[in-house]
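Biologist: Before we discuss any details, could you put the model up, so that we can go through it step by step?

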Amino acid sequence: MSLYRLNRLFNPTSGRALDVAVDHGFFGEASFINGIEDMPAVVRTLVEVGPDAVQLTIGQARHLQSVPGKAKPSLVLRTDVANVYGNPLDEHLFSHHVPFAIEEAVRLDAVAVCANLMQLPGHPAIRDANIRSIMALREQATRYGMPLMVEPLVMQDNATAGGGYMVDGDTAKVVTLVRQAVELGADLIKADPTTDIADYRKVIAVAGGIPVLVRGGGRVDDRTLLERTVAVLDAGASGIVYGRNIIQHPSPAGITAALMAVLHDGLGVDAALKLVTEYSK
């Protein structure tokens, strides 16, 4: 299948992509809304600085797609919702994908859809639900030529990790879940960084040519973020999907511009840090 929509996701010169994830409100956690309370303003800021894509939900995609003209980020559509990030966890856990998600993505002119594949210790039913969702989405995605991004998410035990997006960067676990995503028919992979970033070549290898975009995870300082970005790109990643490290940054425009320069222009870490400072003045 030729996934022509991906021509609007990846930069034609670098072959890489920055997807800014601002779909956090979908998950019903109060802390996830920090930095994205005013979604029209958030989207306006991102449109101005011009990442390759913005990841939104069906309810928020209108803020991006109502912007006139061609010069705007592409839409990646989040298709599933879960309640696995609270602390303590709810007694009943769930994960559901949106009915007719692929048709909605076509109507919204998305370049891809995104769905989770979560490994949550002690809760295999969530992974089962994710697999069922991915298989249902895969069938419709093939019919409509819509690229399917699968997000293998290896999580720590919620009780000991303190809740939220607590990633388990164990290389073996990340590699195994990425491989399952590939086996399920992912066209794109949105994967966690490994704790030992030098191991990331193993993640790229096990993906077998499927483009891997690396998740940003929790907030870190700018140098750490940029150094990690350079490292995963050197390992063979096709791009990044960052959320909180952009939307909760003092200068979302500045850090986005710096990341774009690293991805597409080969800018080094020190030069990218100066770019963040310039935008912040």
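Modeller: Here it is, and please keep in mind that this is a predicted model.

Biologist: Which residues does Arg5 touch, not counting residues up to four places away in sequence?
Modeller: Arg5 lies in the segment before strand 1, which spans 17-21. Leaving out residues up to four places away in sequence, the contacts of Arg5 are Val106, Asp109, Ala110, Val111, Gly145, Met146 and Pro147.

Biologist: Does Arg5 count as buried or exposed, and at what relative accessibility?
Modeller: The cut-off for a buried residue is under 20% relative accessible area. Arg5 therefore counts as buried, with a relative accessibility of 17%.

Biologist: In what order do the eight strands close into a barrel?
Modeller: The pairing in this barrel is parallel, and the twist from one strand to the next averages 25°. The order in which the eight strands close is 1-2-3-6-7-8-9-10.

Biologist: How many residues of strand 6 are buried?
Modeller: Strand 6 covers residues 112-119 and is mostly covered. Of its eight residues, the number that are buried is seven.

Biologist: Which residue in strand 7 stands opposite Ala115?
Modeller: Strand 6 pairs on one hand with strand 3 (residues 74-78), in the parallel sense and over three bridges, and there Val76 stands opposite Ala112. Strand 6 also pairs with strand 7 (residues 148-154), again in the parallel sense, over seven bridges. In this second pairing, the residue opposite Ala115 is Val150.

Biologist: Which residue in strand 10 is the bridge partner of Val214?
Modeller: Strand 9 (residues 212-215) and strand 10 (residues 239-242) run parallel and are joined by three bridges. In strand 10, the partner of Val214 is Ile240.

Biologist: What angle does the direction of helix 7 make with that of strand 9?
Modeller: Helix 7, made up of residues 200-207, packs on the sheet, where it touches both strand 8 (188-191) and strand 9. Between the direction of helix 7 and that of strand 9, the angle is about 140°.

Biologist: What is the volume of the largest pocket, and which residues are the closest to its centre?
Modeller: The volume of the largest pocket is about 280 Å³. Of the 18 residues that line this pocket, those closest to its centre are Arg8, Lys70, Lys72, Pro73 and Ser74.

Conventions. Residues are numbered from 1 along each chain as its sequence is written. This is a predicted model: local features need pLDDT of at least 70, side-chain atom pairs count only at pLDDT 80 or more; totals for chains, interfaces and linings use all residues. Side-chain values use heavy atoms; hydrogens and water are left out. On a 1 Å grid over the protein atoms alone, a cavity is a set of points where a 1.4 Å probe fits but cannot get out, and a pocket is an open set with protein on both sides within 12 Å along at least five of seven lines; lining residues have an atom within 4 Å of a point. Grid points are joined across faces, edges and corners, and a volume is the space filled by probe spheres set on the points. Two strands pair if DSSP finds at least two bridges between them. Helices (H or I, at least four residues) and strands (E, at least two) are DSSP runs, numbered from the N terminus. Axes are lines fitted to C-alpha atoms, for helices over the stretch in contact, and angles run from 0 to 180 degrees between N-to-C directions. Contact means heavy atoms within 4.5 Å. Buried means under 20% relative accessible area, exposed over 50%, partly exposed in between (1.4 Å probe, protein chains only).
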